[in-house]
Amino acid sequence: MSVSVFLGASCLSFVVGDSSFILPDCFVNTQPPSPRGRGAAANLPNRFEQLRMEPDADWDPAQDPAPSTRFYRDLSQTIISYNNSPDIPFNAGINPYRGCEHGCAYCYARPTHEYLGFSAGLDFESRIMVKEQAPDLLRHELSSRKWQPQELAMSGVTDCYQPIERRLQLTRRCLAVLAEFRNPVTIITKNYLVTRDLDLLRELAAHRAVQVHLSINSLNSDLARKLEPRASAPRQRLAAVEALSQAGVPVGVLVAPVIPALNDQEIPAVLAAAKKAGAGWAGTELLRLPLTVAPVFEKWLTQTLPEKKEKILARIRAIRGGKLNDSRFGSRMSGEGIFAEQISQLFNVACRKVGLAEHGPELSTAAFRRPQGSQLALDL
């Protein structure tokens with residue numbers, strides 16, 4: 001029996017023997033794939049730049065070399081940033097890196113790269129700003145009498161354990177400063193590399209000054225590889241949960257983002273696996289597509305899941321008041337409507353069933369101290 005395949009402008013035709021079959025164009029992926037190991041397919045125009053580059057008519061993206069990652073010095077003079085959002089459970093955070101090589105197609109932080117003159121597309125995951133002075137800046141700010149001891153968050157914007165951290169160790173050095181001052185910290189990551197710092201995390205845990213959240217939104221390794229191309233695989237993240245738990249470091253999971261019609265049905269399985277690994281609590285957030293994140297994610301759907309694209313986008317609009325994003329405080333994390341309510345109920349029931357708490361332990365500033373003898377303690 002012979003099989004012939006014909007690719008037309010709007011359909012894919014199969015001829016098997018004397019029978020023919022036509023696959024509609026919505027199931028055919030004719031888009032050039034994203035570069036290997038990248039979540040974004042290309043660079044979108046920067047919304048702040050008037051000058052834009054357009055490809056030539058005969059441009060073939062398949063012939064472009066895969067973009068390499070480049071690192072740039074970030075000369076920021078401070079390291080602790082503040083927010084007053086009612087949706088975020090912390091007021092201050094540390095981000096040793098800007099941009100993230102994990103390359104998650106949905107990352108809400110992508111538009112922040114546009115303020116640096118880069119694109120929210122490939123630039124965000126291949127042009128990484130490195131705050132080499134982060135540990136020294138942190139020591140200086142914690143030493144100041146103006147500093148009011150409080151919880152700091154790491155990875156509030158980009159992952160502090162992204163691949164380059166293995167070499168530069170900026171996060172580890174910041175943790176060493178936090179352990180010295182005994183200042184509480186909350187860590188959010190999707191990288192097994194966090195287990196490298198168990199010694200410092202145990203030291204902080206002894207003073208109720210640390211909790212770690214592993215972000216796991218699917219157990220499907222194939223989906224995770226496409227959606228979060230350079231992050232640790234789900235099984236590795238669960239292994240990190242187990243290692244942290246056994247070391248006495250408070251650890252929970254963040255099932256985020258939940259993408260309606262894509263990974264929402266996995267919530268019970270993720271929570272059960274997290275509990276088995278030793279997680280103590282769980283949180284969740286629905287997908288957000290602010291500003292230029294939306295076209296990056298839509299392009300990812302077109303290339304990766306063309307047969308599910310319209311259903312997924314329709315569900316997102318259903319929980320976002322007919323739009324792809326709703327930035328209003330109070331609803332942007334949880335959405336609204338029947339599908340948002342179903343996801344919330346599914347999560348809550350699954351948490352109760354496996355015995356996961358709603359929140360991690362309350363962190364304490366009681367052990368905070370300023371080491372003596374440091375000139376950086378002077379408020380200059």
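**Exercise 1.** What should the 12 residues of helix α9 (residues 293–304) span at 1.5 Å a residue, and how far apart are its end C-alpha atoms?

*Solution.* The model is predicted, so that local features need pLDDT of at least 70 and side-chain atom pairs count only at pLDDT 80 or more, while totals for chains, interfaces and linings use all residues. Residues are numbered from 1 along each chain as its sequence is written, and side-chain values use heavy atoms, leaving out hydrogens and water. The expected span is 1.5 Å times one less than the number of residues; for α9 this gives 16 Å, which agrees with end C-alpha atoms 16 Å apart.

**Exercise 2.** State which residues of α9 are buried, and name helices that cover them.

*Solution.* Buried (under 20% relative accessible area, with a 1.4 Å probe and protein chains only) are Val293, Ala294, Val296, Phe297, Trp300, Leu301, Thr302 and Gln303. Their cover includes α6 (221–227) and α10 (309–319), where contact means heavy atoms within 4.5 Å.

**Exercise 3.** Describe how α8 packs against α11.

*Solution.* The axes of α8 (residues 267–277) and α11 (residues 338–354) come within 9 Å and cross at roughly 30°. Because angles under 35 degrees count as roughly parallel, α8 is roughly parallel to α11. On the α8 side, Ile267, Pro268, Leu271, Ala272 and Lys275 take part, meeting Ile343, Leu346, Phe347, Ala350, Cys351 and Val354 of α11. By class, this contact has 10 nonpolar, no polar and one charged residues.

Technical notes. Axes are lines fitted to C-alpha atoms, for helices over the stretch in contact, and angles run from 0 to 180 degrees between N-to-C directions. Helices (H or I, at least four residues) and strands (E, at least two) are DSSP runs, numbered from the N terminus. Angles under 35 degrees count as roughly parallel, over 145 as roughly antiparallel, 65 to 115 as roughly perpendicular and the rest as oblique. Ala, Val, Leu, Ile, Met, Phe, Trp, Tyr, Cys and Pro count as nonpolar, Asp, Glu, Lys and Arg as charged, and the others, Gly among them, as polar. Buried means under 20% relative accessible area, exposed over 50%, partly exposed in between (1.4 Å probe, protein chains only).
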